Amino acid sequence: MSATPSFDPQSVLKLDGYLEPFIPAIAHRHERFQKWKDTIDQYEGGYEEFTRGFDKMGFNVKESGEVVYREWAPSVTEAHLIGDFNQWNRLSHPLKKNEFGVWEITLPPKAPGVCAIPHDSKVKISMITSSGARIERIPAWIQRVTQDLAFSPAYEGRFWNPSTSERYQFKNSRPPQPRAIRIYEAHVGISTSERRVGTYKEFTKDTLPRIHALGYNTIQLMAIMEHPYYASFGYQVTSFFAASSRYGTPEELRELVDTAHGMGITVLLDVVHSHACKNVLDGLNAFDGSDHQYFHEGSKGRHELWDSRLFNYGSHEVLRFLLSNLRFYMEEYKFDGFRFDGVTSMMYVHHGIGTGFSGGYPDYFGPGADEEAIVYLMLANDAMHTLYPSVITIAEDVSGMPLLCIPVSQGGIGFDYRLSMAIPDMWIKLLKHKTDDEWDMGNIVHTLTDRRYGEKSVAYAESHDQALVGDKTLAFWLMDKEMYTHMSDLTPMTPIIARGLSLHKMIRLLVHSLGGEGYLNFEGNEFGHPEWLDFPREGNNNSFQHARRQWNIVDDQILRYRYLNNFDAAINHLEEEHKWLSAPQAYVSLKHGGDKMIAYERSGLLFVFNFHPTKSFTDYRVGVDEAGEYHIILTSDEKKFGGFENISSGGKFTTTPTEWNGRKNWLQIYIPSRTCVVLGK
């Protein structure tokens, strides 16, 4: 029977007393979770065996060279394996069906240790539906698919079985779970400055060293699960077990992850279990000819905005498929965890469409909650944390669902972190709609500190969402067209560039140190990457102009992008030294609307920000709890960060033992306009 502790309502109420009326709803979903877990324990050998579906389903090769292929397709009446290996003969290799709708065939070896199916040759399953129609599909558990756009946009399945000498051998063990995550969100394909798709090999050789030097300890890889439409950014998945072949081979992805591990970097996969691409020929949709195999049938199984299919999380075989998908990437590629995409869409029957979450608790526990999907997330988190205690899971949720990042055993959904999605929205609104003197310091601080007690958040000023076409990066909002003409040290430091550089640095330090227990940056934004992201598509004449990262501009020692890059690295390295992300939430002693000043203490450091567009302050009094001598350990005003050197690092300040702004002591500092400083003892 299950080893999960029984649910204790008191553990929930200790976190949030306002949840008391909803304890029955929380208990009910926990009971449904427990029922599934008991079923898995009783009939499937527990999580250990149930999540290894890939050892039974799809293609499995034995040492003898024998190949066993299994496929779940309950609605078809006949099935044959076809491919290059049998000249696509639709009759020569029939499969047999068991009582659970799983079809199976065993192919004896051609010679001892030699498979009947050649490595990397094309394969398909050919089936006859109950109406007599013939349908052909790519195996659902396939581990490699390729696309030849000159021939067709549809993918072709390949039998991936490299020889021992060609198979990548992992050299490094997983790094220990980071104390706090500093995430570099990256996309392999755009990680080249050339106008083409980047590769796993190039990312390993060129991008990993950059990430390491910047001080990020975690990488979140986007668009790895195979997707036919490049411009979908990886969010319309067709083959869930296939790492995208656009960037190279499975072995090259293994090398990427292993090399990152050798640098002490944790690697997370951006996993898409919230929906699936509606493609039939190379996806899961209508796999066995029915509307309801992997997905709910009718409108319940379709996402009206994303034009995609929605999984039936109440199906035993769908749970096997999805939970095994997570285990597969942990085992086969040695990923260290997951960022779950589209969690809001999963947790509500309305998918968050047309719903502005007010924070009212009935929104979370009423009829709008999709309990079936929530229970799947509980199972996914519980299974991964049971099998891999150091795993990290992150939820992309805009709704603010309570208990999202509380362990399942305590009544939660089990994630480790949630993304603080309100923070980037706030910055974009400020930059689009408010002048600098209209910025409300109280509202900025509230947005950065408004998080659920006992739940960890990943703060970010901008992610890939803000960079997509139709929007702009923070740097481009700040400096716009002057980035084309005035980012060289040989050109005058115009007011727009000076403001842009200053605010870019201040915003990022403020978010990093005040906004959460983790931090995220999207690739290129650390140095103020100009413009926006736009993948090749019909609407832009299939151009790669905006589907790349212009590393050349940050490497050019005459351009001002390097200042932002230097400051980003300085923040990360300072966090590693002083550990503010794993410290308790900051104490904010000052948010002054008129002076545009913010001051707070966290992890023994004093952070001071002057957002005033014109006013500099000499001898500005700031409260601090701990007495003693403080000195400046970081300031945005240093020359190497593109500052004016009005403040020098190392300046010393002694506290006066008189209460100020609710703190026991105060000190006075010089703080120029649009500058931030960090003081430590």
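Colleague: What makes β24 and β29 a pair, and in which sense do they run?
Modeller: Strand β24 (residues 605–610) and strand β29 (residues 675–680) share five bridges in the antiparallel sense. Two strands pair if DSSP finds at least two bridges between them, so five bridges qualify. Strands here are DSSP runs of E with at least two residues, helices are runs of H or I with at least four, and both are numbered from the N terminus. One place to look is Asn 610, which stands opposite Thr 675 in β29.

Colleague: Before we go on, what should I keep in mind about the source?
Modeller: This is a predicted model, in which local features need pLDDT of at least 70 and side-chain atom pairs count only at pLDDT 80 or more, while totals for chains, interfaces and linings use all residues. Residues are numbered from 1 along each chain as its sequence is written, and side-chain values use heavy atoms, with hydrogens and water left out.

Colleague: What is the strand order of the open sheet of six strands, and which are its edge strands?
Modeller: The order is β22-β23-β24-β29-β26-β27, with antiparallel pairing. The edge strands are β22 (587–592) and β27 (652–654), each pairing on one side only.

Colleague: Which strands does helix α14 touch when it packs on the sheet?
Modeller: Helix α14 (residues 495–514) touches β22, β23 (597–602), β24 and β29. Contact means heavy atoms within 4.5 Å. Helix α16 (residues 561–578) also packs on the sheet, touching β24, β26 (629–635) and β29.

Colleague: Why are α14 and α16 called roughly parallel to each other?
Modeller: Their axes come within 10 Å and cross at roughly 20°. Axes are lines fitted to C-alpha atoms, for helices over the stretch in contact, and angles run from 0 to 180 degrees between N-to-C directions. Angles under 35 degrees count as roughly parallel, so α14 and α16 are roughly parallel to each other.

Colleague: Which residues in α14 and α16 meet, and how do they divide?
Modeller: On the α14 side they include Leu 501 and Arg 508, and on the α16 side they include Phe 567 and Glu 575. The contact residues divide into five nonpolar, three polar and four charged. Ala, Val, Leu, Ile, Met, Phe, Trp, Tyr, Cys and Pro count as nonpolar, Asp, Glu, Lys and Arg as charged, and the others, Gly among them, as polar.

Colleague: How many bridges join β20 to β21?
Modeller: Two bridges join β20 to strand β21 (residues 518–522), and they run parallel.

Note on methods. Parallel < 35°, antiparallel > 145°, perpendicular 65-115°, else oblique.
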